[in-house]
Amino acid sequence: MALIHLIRHERPAATGVLLGATDLPLADDVVITPSSLAISAVYTSPLRRARDTATGLFPGHRPMLCAELAERDLGEWDGLPWTEVERKWPEAARAASIDWFASTPPGAERWDDFVERVGRAFALIRVERCAAVVAHAGVNAVLWELAGKGRAIQFQQQYGETVSIELS
């Protein structure tokens with residue numbers, strides 16, 4: 001049996017905007033306390049907010065950067081507040097509000113392609129005895145679903161929160 005700890009990065013320098021591929025550092029006032037989790041490996045998104053969180057949580061490990069763990073690229077919506085998205089793309093915003101997974105923002109990564117990409121990372125990670133994954137809410141939601149724990153739309157995770165899942 002494997003154990004995977006899904007950890008969402010700490011609070012980024014900007015909040016209140018859609019963050020996908022936008023590569024922001026952590027907020028200046030974020031303090032990371034090293035984790036007491038006993039793990040065999042740390043996998044992290046290549047985005048700074050995840051990398052910096054992983055380094056702070058697991059100073060005794062060298063996190064493995066995994067491009068497949070980057071957050072979904074939201075295209076032209078990336079870095080914008082939702083109110084601006086609604087103003088510039090009212091019909092697309094309405095469609096996304098109804099079914100985020102069936103909607104693709106202009107220039108964005110399709111949800112199915114995102115799930116396929118994260119699935120490639122999951123295939124690598126699941127062979128570990130006890131791993132930490134430091135990534136993003138969307139990535140962790142997909143990993144949670146791929147592990148058979150529920151639907152991605154049901155997944156909730158705060159900045160810095162750990163959700164541990166057992167795999168048989």
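Is tryptophan 111 buried or exposed? Tryptophan 111 is buried, because its relative accessible area is 12%, where buried means under 20% relative accessible area, exposed means over 50%, and partly exposed lies in between (1.4 Å probe, protein chains only). The model is predicted, so local features need pLDDT of at least 70 and side-chain atom pairs count only at pLDDT 80 or more, while totals for chains, interfaces and linings use all residues. Residues are numbered from 1 along each chain as its sequence is written, and side-chain values use heavy atoms, with hydrogens and water left out.

**Aromatic pairs**

- Rings of Phe, Tyr and Trp (its six-membered ring) pair if their centres lie within 6.5 Å; planes under 30 degrees apart count as stacked, over 60 as edge-to-face and the rest as tilted.
- By this rule the structure has six aromatic pairs.
- The ring centres of phenylalanine 101 and tryptophan 111 are 4.3 Å apart and their planes meet at 50°, so this pair is tilted.
- This pair links distant parts of the chain, ten residues apart: phenylalanine 101 is in the loop between α3 (90–98) and α4 (111–125), and tryptophan 111 is in helix α4.
- Phenylalanine 101 counts as partly exposed, because its relative accessibility is 23%.
- Tryptophan 111 also forms a tilted pair with phenylalanine 114, at 5.2 Å centre to centre and 55° between the planes.
- Tryptophan 111 and phenylalanine 114 both belong to helix α4 and are three residues apart, about one turn of the helix; both are buried.
- One aromatic cluster is formed by Trp77, Trp82, Trp89 and Trp100.

**The sheet**

- Helices (H or I, at least four residues) and strands (E, at least two) are DSSP runs, numbered from the N terminus.
- Five strands form an open sheet in the order β3-β2-β4-β1-β5, with mixed pairing.
- Strands β3 (64–65) and β5 (162–167) stand at the edges with a single partner strand each, so one side of each has no neighbour in the sheet.
- Two strands pair if DSSP finds at least two bridges between them; β2 (residues 41–44) and β4 (residues 130–135) pair in the parallel sense over four bridges.
- Tyrosine 43 stands opposite valine 133 in β4.

**Threonine 44**

- Threonine 44 has its place in strand β2 and is buried, because its relative accessible area is 1%.
- A polar atom of the threonine 44 side chain lies 3.1 Å from the backbone oxygen of valine 134.
- Contact means heavy atoms within 4.5 Å; not counting residues up to four places away in sequence, threonine 44 touches several residues, including Ala50, Pro63, Leu65 and Val134.

**Salt bridges**

- A salt bridge is a side-chain nitrogen of Lys or Arg within 4 Å of a carboxyl oxygen of Asp or Glu, and the structure holds seven salt bridges.
- Arginine 117 and glutamate 109 form one of them, with the closest N and O atoms 2.8 Å apart; both residues are buried.
- Arginine 110 forms a salt bridge with aspartate 112, where the closest N and O atoms are 3.4 Å apart.
- Arginine 110 is partly exposed, because its relative accessible area is 41%, and aspartate 112 counts as partly exposed at 49% relative accessibility.
- Arginine 110 and aspartate 113 also meet through their side chains in a salt bridge (3.0 Å, N to O).
- Through shared partners, salt bridges join Arg110, Asp112 and Asp113 into one network.

Terms used: Polar contact = N/O pair within 3.5 Å; in protein donor to acceptor, adjacent residues only side chain to side chain.
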